[in-house]
Amino acid sequence: MIRIENESLSVEIAELGAEVRSVQHKDTQLSYMWSGDAAYWGRVSPVLFPIVGRLKDSQYIAKGKTYELSQHGFLRDAVFQVSDAQAASVTFAKESKGEYRDVYPYEFRVEICYRLEADQLHVDWKVNSLEKEEMMYFSIGAHPAFRVPLISGEHAADYKLHLKPVQNKQVTVYELADGLIREKEQPAVLPAMPIQAALFENDAIVYDHIEEVRLQSSEGNGVAVSLSGFPYVGIWSKYDAATSTMAPFVCIEPWFGIADTTDSTGVLSQKAGIQKLAPDAEFNSSYRMTFF
């Protein structure tokens, strides 16, 4: 486990999956990240790569061959190397080196840098194609889970989601059916949404054209995830249909990719939201989390 800290925050990140495991605020004395209790969901903040979401029939076609790949891909279970470490920042790297050829036919290197500035945790992604001749197709996404409620005695209903749309863009909400995106899309209405289990009855809520999502209690504590430039964001909590209750966390997920549509052809290059890199090219993006 790697620890970085500054005057405001102390953050722990695991080499397994380069996953943020805890964020402690020195002023509020609050612990913001979900605990990873497997009774609900055993992860905390996985990195999704080379797909986001579920594939139709858990399969896709690339380079003329059919591959099987489980939801959200394999990078969340990979051991990263620390390539640079400072007091308030750390960079993790993972190079494929043929390890994933049976499930993903492209060679790559992924770097993830976590750096602190005041009460913000910045996350910088770099994806390099190590292919020499062919286009590389991929998606990458974040899946951080935040504790709800943050303070003993509070309830989920004391928290609201506030979504800030990209200026001059129509926001669309996407429906899910068995983890796949339905063909039907509809304009989104974006009032502040009180946290309640019914929000997650049909899995995640997925939007496009959102630049910030704020999760805040009536007392003013919470987190804002700034994701300018990301095409999608998912909002999710584990829903228990037997009890009509939700887990004590909410995920705010910036994505460069999306689950397959129900009518997907299965061809990776045609997948909704897919990113592409020319041989030896580089993809860069970043988002930040502000804790208060």
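Select G141 and W255 to begin the tour: in this predicted model, W255 in strand β24 is the bridge partner of G141. Widening the selection to strand β12, residues 140–142, shows the setting of that pair, for β12 and β24 run antiparallel and are joined by two bridges.

Next, select β24 itself, residues 249–256, and colour its residues by burial, which shows that eight of its eight residues are buried. If you then display the side chains, you will find F249, C251, E253 and W255 pointing one way from the strand, while V250, I252, P254 and F256 point the other way.

Which other strands are joined to β24? Select β13, residues 145–147, which runs antiparallel to β24 and is joined to it by three bridges; here F146 has V250 as its bridge partner.

Now turn to the pockets, and select Q71, H72, D203, A204 and W236, which, among the 25 residues lining the largest pocket, lie nearest its centre. This pocket holds about 420 Å³ of space, and its lining is made up of eleven nonpolar, seven polar and seven charged residues.

For the last stop, select the lining of the second largest pocket, which includes V173, Y174, R182, Q186, D203 and A204. Strands β15 (172–177) and β16 (180–187) are the elements that each give two or more residues to this lining, and β15 provides the largest share, four residues. The volume of the second largest pocket is about 230 Å³, and its lining divides into seven nonpolar, two polar and three charged residues.

How values were computed: Residues numbered from 1 in each chain as written. Predicted model: local features only at pLDDT ≥ 70, side-chain atom pairs only at ≥ 80, totals over all residues. Heavy atoms only, no water. Buried < 20%, exposed > 50% of the residue type's maximum accessible area, 1.4 Å probe, protein only. Pairing = 2+ DSSP bridges. 1 Å grid on protein atoms, 1.4 Å probe; cavity = no way out; pocket = protein on both sides within 12 Å on 5 of 7 lines; lining within 4 Å. Points joined across faces, edges and corners; volume = space filled by probe spheres on them. Nonpolar A, V, L, I, M, F, W, Y, C, P; charged D, E, K, R; others polar.
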